[in-house]
Amino acid sequence: MLKILRNEIKRGFCNNLFFISMLISGILVLWYSVERIPFCIESNLSFSNNAAFDGFLEISYTNWIGSHNMYLQQNILYLIIPFLAVLPFGNSFYLDINQGFIKGICTRTKRSYYLISKYIAVFLSGGCAVIIPMILSFMISSAFLPTMLPEASYAFTNIYPVYKWADLFFVHPFLYTLLYIGLTFIFSGLTACMSLFVTYFLNKSFLVLIFPFFIYIFSSLFFELLDLDGFSIRNVLTTTGEQGTTVSVVILALFFFAFSFFPYYLFGVKKDVL
Amino acid sequence: MKIIINNFTKKLSNNLVLDNVNLELNSGKIYGLVGKNGSGKTMIMRAICGLILPTSGYVDIDGKVIGKDISFPQSVGALIENPGFISSYSGFRNLKVLAQIQNKISDSDIIETLKVVGLDPKDKKSFRKYSLGMKQKLGIAAAIMENPELLILDEPFNGLDEESVDRVRNLIIERKNENNIVILSCHDSEEIEKICDEIVEISLGKIKNIRLTEKEGKNEEN
């Protein structure tokens, strides 16, 4: 099992599409940083030079790309997360089947091992392709802006006390940031894995690649229309807005896991390799 | 090694592709599957590899039933239908990915195998740029590289030039002499008669006849 897992993970990360995905999100991060960071630096200078300044200090925890959803680059990033996640390795299962490579694999290892390894590799590569640029964004913000506890006044503007994990934000902002990056990792990985099950039914590689995007958008719209904003994946991943609770996050993650794994696995172990 | 196919029936969306197939295969022999297109030759090969599971019946390999005791034969190399590889990888890299799954052979073994089938191990060209013959050679290399006890080759001579056909033919005979089982299908009946020990005639998913080749018949008489 470990050998095929290592093999699949290597394939998931060492490919051009993984780098293309990171390049796209990297460009967004740089674009965001170039526009946002100089503004924050200037604002902080005005703050320190003017005692009557009406505002608060801009810090790294509130100015990395995942800290808002108020700017164009952030909105683009959260919109294209499914593409970024699925691009590196999401259609590899489709290609393995259609190019016949699966025959070479299934005569060397158990099919169940291959299916589990593929799922883990798609999950990890999808998650990492999205969060690595986010970590880069946090590092850029930290390099130019103070990394300190947020001011209490921030509770009246962006992170309201009723928001998910808001208490943590004002006490342990680094942990809060890590939690959101972790959350993005998990949901990006799970979204990428949505491409696996549909491989059995779709006959075009690009359809496999765009399917997770539809699930991401339609499930978000569906829950938002039902007034269940806490179950909308778009909201869950952003640190502002109607972003749900820990319970809604866990339920949504379990739902995404169950939907992406069990049909794919149970169908895959029984399906003939033709 | 002994393979027993017992009352193997396979239905695919209500089409009977294999109908009550019974066959026994033993080490040290080359078996040739012959029949028209769509007769079920490739399906029998898939069944032996564990790539398809039976609607009824079973495939038993040394006392272990595929799909029950084992998922696939423990030592098998197969080229079934078209050679299937990752199109963006080179020949060597494709074989390495496959070899790493069982970790039985080293890089030098892969290089040696590529040379044996007539491919350049240093060729960086991606699989998608390979000619038909090169793809076929790579498929054969993948099947033989781990010295399997059971070698399954579906139309191995497709797209090969004369020299390569000779090379592959010798390879197949070498495997047999090493007491392995070789199962192959080929449209060229002359070739089949030349290489195989036994011929299995298949039609409409059924085994119509199993016979010794002329060469084998003479050997038995002696």
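Predicted model: local features only at pLDDT ≥ 70, side-chain atom pairs only at ≥ 80, totals over all residues.
**Entry 1: strands of chain B**

Strand 5 (residues 64-65) and strand 4 of chain B run antiparallel to each other, with 2 bridges between them. I saw that these two strands make a hairpin that leaves 2 residues between them, and that Asp62(B), which sits in the turn, has a positive phi of about 50°. I then turned to strand 1 (residues 2-12) of chain B, which pairs with strand 4 (residues 56-61) of chain B over 5 bridges, again in the antiparallel sense. Here I noted Thr9(B), which stands opposite Ser56(B) of strand 4 of chain B.

**Entry 2: where the chains touch**

I next asked how many residues each chain brings to the contact. Chain A brings 17 residues and chain B brings 22 residues. On the side of chain B that touches chain A, strand 6 (76-79) and helix 2 (91-102) of chain B are the elements that give two or more residues, and helix 2 gives the most, with 5 residues. Sorting the residues of this side by kind, I wrote down 14 nonpolar, 7 polar and 1 charged.

**Entry 3: helix 1 of chain A**

Helix 1 (residues 2-13) of chain A has 12 residues, and I found that its first and last C-alpha atoms are 16 Å apart, close to the 16 Å expected at 1.5 Å a residue. Its buried residues include Ile4(A), Asn7(A), Glu8(A), Arg11(A) and Gly12(A). Looking down the helix axis, I noted that the buried residues fall within an arc of 135°, so they line one face of helix 1. Among the elements that cover them are helix 4 (92-98) and helix 6 of chain A, together with helix 2 of chain B.

**Entry 4: helix 6 of chain A**

I checked the length of helix 6 (residues 111-144) of chain A, whose 34 residues should span 50 Å at 1.5 Å a residue, and the 50 Å between its end C-alpha atoms agrees.

**Entry 5: Gly244(A)**

Leaving aside neighbours within four places in sequence, its contacts include Lys164(A), Phe231(A) and Val249(A).

Key. Residues numbered from 1 in each chain as written. Chains lettered and ligands numbered in written order. Helix = DSSP H or I, 4+ residues; strand = E, 2+ residues; numbered from the N terminus. Expected span 1.5 Å × (residues − 1). Contact = placed C-beta atoms within 7 Å. Nonpolar A, V, L, I, M, F, W, Y, C, P; charged D, E, K, R; others polar. Pairing = 2+ DSSP bridges. Buried ≥ 20, exposed ≤ 12 C-beta atoms within 10 Å, placed from the backbone. Arc of directions from axis to C-beta.
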